[in-house]
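Colleague: I am new to this structure. Please walk me through how to read it, one feature at a time.

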Amino acid sequence: MDIKTASALRRLRLVSAPEAVSFLLLIVCSVLKRTTDFNAVPVMGAVHGILFVIYVLFWLDAWNKTKWPVKTAALYFVLSVLPTGGFFADRMLRREAEASVIAARARKEGVVNA
């Protein structure tokens, strides 16, 4: 994996957890709006919207650089629209990055011919 691909995956990973947290906070704010006088939905909606757009942009960049199959790319997108999906995306991206580092080291040391 080259440095640009690794950077794209890292950026996507870095934004996935905050996007998931903002989604959960938006849901909590929506419930509070309907049950109390507290209304933070406009602020949380804007924060979540910005993080979601950033996630989608980083997702497109990562898909372009990694050449994921459509099924894998679709999975990462679906995870972005689920309330806790960003946490799962972060875990999966971390595993993918670790596996590619191990494979790169093995190729460098001549353990495999890939």
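Colleague: In which helix does Leu24 lie?

Modeller: Leu24 lies in helix H1. Keep in mind that this is a predicted model. The chain averages a pLDDT of 89, and 96% of the residues score at least 70.

Colleague: Where is confidence lowest, and where is it highest?

Modeller: The lowest mean is in helix H4, residues 85–109, at 84. Helix H2, residues 41–66, is highest, at 94.

Colleague: Back to Leu24. Is Leu24 buried, partly exposed or exposed?

Modeller: Buried means under 20% relative accessible area, and exposed means over 50%. Leu24 has 32%, so it is partly exposed. Leu24 touches Pro83, Thr84 and Phe87, leaving out residues up to four places away in sequence.

Colleague: What about Arg10, buried or exposed?

Modeller: Arg10 is also a residue of helix H1. Its relative accessible area is 55%, so Arg10 is exposed. From C-alpha to C-alpha, Arg10 and Ala74 are 18 Å apart.

Colleague: Now helix H2. How far does H2 reach from its first C-alpha to its last?

Modeller: H2 reaches 36 Å with 26 residues. That is close to the 38 Å expected at 1.5 Å a residue. Just after H2, Lys67 takes a positive phi of about 60°.

Colleague: Which residues of H2 are buried?

Modeller: Start with the general idea. An α-helix has 3.6 residues a turn, so residues three or four places apart point the same way. In H2, the buried residues include Met44, His48, Leu51, Tyr55 and Trp59. Val41, Asp61 and Thr66 are also among them. The cover over the buried residues of H2 includes H1, helix H3 (70–80) and H4.

Colleague: Take Tyr55 from that list. What does Tyr55 touch?

Modeller: Tyr55 is buried, at a relative accessible area of 0%. Beyond its close sequence neighbours, Tyr55 touches Leu12, Val15, Ser16, Glu19, Tyr76, Ser80 and Ala89. The side chain of Tyr55 also reaches the backbone oxygen of Tyr76, at 2.9 Å. Tyr55 and Glu19 are 36 residues apart along the chain, yet their C-alpha atoms are separated by 7.3 Å.

Colleague: How many salt bridges does the structure hold?

Modeller: The structure holds 3 salt bridges. Arg11 forms one with Asp61, with the closest N and O atoms 2.5 Å apart. Arg11 lies in helix H1 and Asp61 in helix H2, so this pair ties together parts that are 50 residues apart in sequence. Asp90 forms another with Arg13, at 2.8 Å between the closest N and O atoms. Asp90 belongs to helix H4 and Arg13 to helix H1, so the pair ties together parts that are 77 residues apart in sequence. Asp90 is buried at 18%, whereas Arg13 is partly exposed at 31%.

Colleague: And which residue meets Lys65 in a salt bridge?

Modeller: Asp61 does, at 2.5 Å from N to O. Asp61 and Lys65 are 4 residues apart in helix H2, so about one helical turn separates them. Salt bridges with shared partners join Arg11, Asp61 and Lys65 into one network.

Colleague: Last, helix H4. Which residues of H4 are buried?

Modeller: They are Gly85, Gly86, Ala89, Asp90, Leu93, Ser100 and Ala106. H1, H2 and H3 are included in what covers them. H4 has 25 residues and reaches 36 Å, close to the expected 36 Å. Just after H4, Gly110 takes a positive phi of about 80°.

Technical notes
Residues are numbered from 1 along each chain as its sequence is written. Side-chain values use heavy atoms; hydrogens and water are left out. pLDDT is the predictor's confidence in each residue, from 0 to 100. Helices (H or I, at least four residues) and strands (E, at least two) are DSSP runs, numbered from the N terminus. Buried means under 20% relative accessible area, exposed over 50%, partly exposed in between (1.4 Å probe, protein chains only). Contact means heavy atoms within 4.5 Å. A polar contact is a pair of N or O atoms within 3.5 Å; within protein, one must be able to donate a hydrogen and the other to accept it, and residues adjacent in sequence count only if both atoms are side-chain atoms. The expected span of a helix is 1.5 Å times one less than its number of residues. A salt bridge is a side-chain nitrogen of Lys or Arg within 4 Å of a carboxyl oxygen of Asp or Glu.
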